[in-house]
Amino acid sequence: MNKSCLSVTGACLVLLLGMFSLSFLTTFNSKALAAEGEEWQALPVENGGFEEKPASSSDLPSWDYWTGGYKTGMSISDEEVYEGQRSLKVENDGVVGLFSQAISVKEGKTYQFSGKIYIENLISGNPGVWLRWLDSNGKIIENNAKYFEDLPLQEWQDLSITGTAPTGATGVKIFIYQTSTSKMLGYYDELQLFEKTDGKQLEMPYEFGDAINLGPAALAAKTQGAAIGEGELYYATNGSPATFFAADEKTGEMIFSQELPGNDVIWGMTVGSDGNVYFSGTYNGILYRYVTDEKRLEEVGKNPSDNWVWELEATDDGKIYGATYPNAKAFEYDIESDTFTDLGSFHDEQKYARGLGVTEDHLYVGIGTTTYLYQMDRKTGEKQEIELPITGGSSSVSNVWEYGDRLFIAYGTSLLILDVNTHETLKQITWRDKHAFDGLISSPSPYDENLIYFLSKNARELWTYNLETNEIEKVETDIEQFPASPAKAIEWIKNEDGTDVLAILHHQIEYSVYNPKTNEVKVGYPEVEMQGLSIQSLEIGPEDDVYLSGYQGSIGVYDTSAEDYILHERDPHQIEGMGFLNGNVYMGAYGGARIYKYDPSNPYEYTDGKSGNNPEMVYDIQDGQSRPFTFASGDNKLFVGTISDYGQLGGSLTIYDEDLDEWKSIRNIVENQSIIGLAYQDGVVYGGSTIAGGLGIDPTEEKAKMFEYNVTSEEYQVFDLEVDGLEKPEMIGELSVGPDGNLWGVAWGFDETGLENSVIFAMDMQSKEIIKSKELYSGVHRGSQWRPFYIRWDNQGLLYTTAGRKLTVIDPETLASKQLISGTVNLMDLDNEGNIYYASGADLYKMPVPLEEATISLEDTTLTQGEEESLNLDVTLANGNAADINGAEIEWANTSPEVAEIVDGKLIAKNAGTTKIKATVSYNGETLESNEITVVVEVTTHSLKAQLTDLKESDSIDHSTYKKLVNRLNQSDHHYKKGHTDQAIKHLQDFLKHLEKSQVEAGIKETLERNVNALKDSWQS
């Protein structure tokens, strides 16, 4: 544009405005916006250049303040402009947002925002711009948000956001946003929006029905944080949301419960010196307090350190200490003064302050995922590291206790025992030991101050450690095993008669009480409400059942035929992925990458996962592996891909040969990368990786890779994925062999401009060449760095995927695509009908294929009285598949039930006449009416005699009348068979005369008369 024109006459201004309007009708093609060759259409943004003159200093023509923030801090200015005479000035001192007017969009289309920003001074935070998508009612249904980091000061910079209009979107608003922690003096100018015009939108032959909520799938009552108080037990169950409970210690009766919105797991819980319960979760950093005397819950406040709180410890002098993530910080809360203190980070290069211990003088802080232990003087705040034999290793210090002259350091289910003064290691119990402890120890016994108690992880036995002898010893109790789940709180309390007993509250809300005087153990189950856990994994098996697992544990099975849950169980613990082989379900559990085998044809029976259980743990991959996210199978072999453990890189490919009953693992098949995609075809496993390892360690590799593994020769080849739209792929998976025989995959990473991008691709398995590919959801974050992007196929050949964590259907021929629902979808699968099942929070949802036609039929529509015929009801779906109506509601319409009745799907002919039959089917939220069929029922002398026999046996006809009527039927049948129709009919008339004179009930008379007259008519015709 000619800038000099801006200062001349009105005629030039009219010309400029005309050029500006016409620009919206032209096609835009620029590398500044997108890849070369892509075409973009400019859309009108009202006053996007801020040139409209404001009526006052506070006026913002065509822009509106966000109601959730301040109404100041933005103004139209001429101080710094990129184009024209004015720009938007931002000088905020708090949270503020500004909306454009709505711009019309089309769902499934890709849009790109572009603009200019000039930052004079950035005080804190980063400026943000959002695309806020609206439905037809103007409601915001989804957001694409971006905060712009590391922008140079005092020069104009380009801004860009790319997003796809979600399902249901009809409009979008540009949202300029400054958070409460972002303060700047700066200017925006030339805000524009463009629509990509070359994208192919898939036109589905039908629309899926509204999603049906099938309810929570994985139910559990599990706690990570627990505490034992004066006569009460406290725990917060995992769930969406988590729920806090207080229960009576003796009876287990619930005293109090309250949901905790914004929290799904509570790790830190303790009883303060004031007798109240303090706890904190993993999302919002809020410290909660349960006031025991008043039985109420309150928010104390947000800690100043971090949002994720791992552990809380209380002191006798009124302090609460917390350990946090991701800055390895600790904090102090003073109950009396109601004040927080940030104690700072205890290790600049680590993220986890994982465990705490506190004494009168010191605070101990355990670090992970690389192991360190620090001691802080509570008076001076001075910190010093305590050197451990495990310092610098790949673990986290999860608990610290100081008893007598011993310092106990827990890391996982291993325990170090040091001299508190010299820090000399006196004993080490590792997780490999037979008597490895399960994470907690008791304080010294009131009967012998040298004895510390703990539970063994594997055998679930009670053991002691002797401070004086430095020896451990098994305690003989009257039960073989304590509850299978680990201890979450362990305290010495007094029972009803004042005896000191050891109380243990377990992970699955079991409550064990050990009496050292009698060696008796009592196990109870405090009252708790089962809750839905956030769904962690979802797969549909060969029998069309949906297998699900929840975050932090619990499994569920949904029968798609019966349309109901057929299994809700607490174990095994958190399943990350599942596979299927020869009728068995293989479940990959988080933590050690343990593989369980479940036979759905046999009853569920789980105690500890050992031999004889169903499910049974059949293999522990170990070798630094943690999360089995991806499975494949074929030719009697199972293939498992895993994520490495905390603080480690390098996943594994694990292979189970069912014929040989042998397992083997290959670590680092892709060096320093984990495996998230597997597909098997003709003796070859194809794999895809993620550059990520376990939590607490950064990737060392820049690009995810693929591999090809020959099962017979055990040779493999690792190769790069070269596909348009991904300069640096960071995740490749899932993979799937398509109906076309090609290897299909989903990858996520960054394009050549550094923009996040998802790509679906088809690869020739021999040449490794990319046959076709399509970019999806540019600018959308990957979500989990481990969970694969699903690929599923329906039997019409369409591909369904969660690429970009959006539920999308793609035509593999044209690559035309459509987002099916708005929002994030991590988990999904298809049943044999083509219905989509997906997870949202704790609930399982079903997107049904619509009903097309219901047809009823009979093999023969003319029946003889007494005959039974199966009524065939066939329901066809819009995709051509037959519906499984086992769980459907079917209402039969029968115009003459006295002629024929319908019982359990069978039509039973009762009396002569005609009836019309049709069905109304209610299935998947729809109701459909079938065709109508006409059924004729005929009678014979044989069928009438059978009817009379039934009436006699039910005492509806007396014996004398029965004999007379049957005799007349026999005579009529005899004459009819000889061809003497007139004589036969005369006997039927005599039948009617005897019937008329009888004492038979009037309704029965009428029915028999109608049947005999029908027989007469048939003989006469």
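Are D334 and K319 buried or exposed? Both D334 and K319 are buried, where buried means under 20% relative accessible area, exposed over 50%, and partly exposed in between, with a 1.4 Å probe and protein chains only. The model is predicted, so local features need pLDDT of at least 70 and side-chain atom pairs count only at pLDDT 80 or more, whereas totals for chains, interfaces and linings use all residues. Residues are numbered from 1 along each chain as its sequence is written, and side-chain values use heavy atoms, with hydrogens and water left out.

The chain as a whole provides the setting. Its secondary structure comes to five helices and 81 strands; helices (H or I, at least four residues) and strands (E, at least two) are DSSP runs, numbered from the N terminus. The C-alpha atoms fill a box of roughly 120 × 100 × 70 Å along the principal axes. Of the 1021 residues, 56% count as buried. Among contacts with a separation of 6 or more, residues 24 or more positions apart account for 54%, a contact being heavy atoms within 4.5 Å.

The charged side chains come next. Side chains of opposite charge can pair when their charged atoms come close. A salt bridge is a side-chain nitrogen of Lys or Arg within 4 Å of a carboxyl oxygen of Asp or Glu, and by this rule the count comes to 32 salt bridges. One of them joins D334 to K319, with the closest N and O atoms 3.3 Å apart. Because D334 lies in strand β26 (residues 329-334) and K319 in strand β25 (residues 319-325), this pair ties together parts that are 15 residues apart in sequence. Another salt bridge links the side chains of K494 and D500, at 3.0 Å from N to O. Salt bridges that share partners also join R289, E294, R296 and E298 into one network.

D419 presents another case. This residue, in strand β34 (residues 414-419), is buried yet has no salt bridge, and R406, the nearest side chain of opposite charge, is 5.5 Å away. A polar atom of the D419 side chain does lie 3.0 Å from the backbone nitrogen of T422. Apart from neighbours within four places in sequence, D419 is in contact with D405, E424 and L426.

The strands can be followed from β4 onward. Strands of a sheet pair through backbone hydrogen bonds, either parallel or antiparallel. In strand β4 (residues 74-77), M74 and I76 point one way and S75 and S77 the other, and all are buried. Four bridges join β4 to strand β5 (residues 87-91), and the two run antiparallel; two strands pair if DSSP finds at least two bridges between them. Within this pairing, S77 stands opposite S87. A salt bridge connects the side chains of K89 and E91, at 3.6 Å from N to O. K89 is buried, with a relative accessible area of 13%, whereas E91 counts as partly exposed at 48%.

Strand β29 (residues 362-368) and strand β30 (residues 372-377) are joined by six bridges in the antiparallel sense, and G366 stands opposite L373 in β30.

Y598 lies in strand β51 (residues 594-598) and is buried, with a relative accessible area of 6%. Leaving aside neighbours within four places in sequence, its contacts include Y547, L567, M587 and P615. P615 is 17 residues from Y598 along the chain, and the C-alpha atoms of the two are separated by 4.2 Å.

Strand β61 (residues 728-737) is mostly covered, with eight of its 10 residues buried. Seven bridges pair β61 with strand β62 (residues 743-750) in the antiparallel sense, and I732 stands opposite A747 in β62. Five residues separate the two strands of this hairpin, and G741 takes a positive phi near 85°.

Key: Lys and Arg count as positive and Asp and Glu as negative; His and the chain ends are not counted. A polar contact is a pair of N or O atoms within 3.5 Å; within protein, one must be able to donate a hydrogen and the other to accept it, and residues adjacent in sequence count only if both atoms are side-chain atoms.
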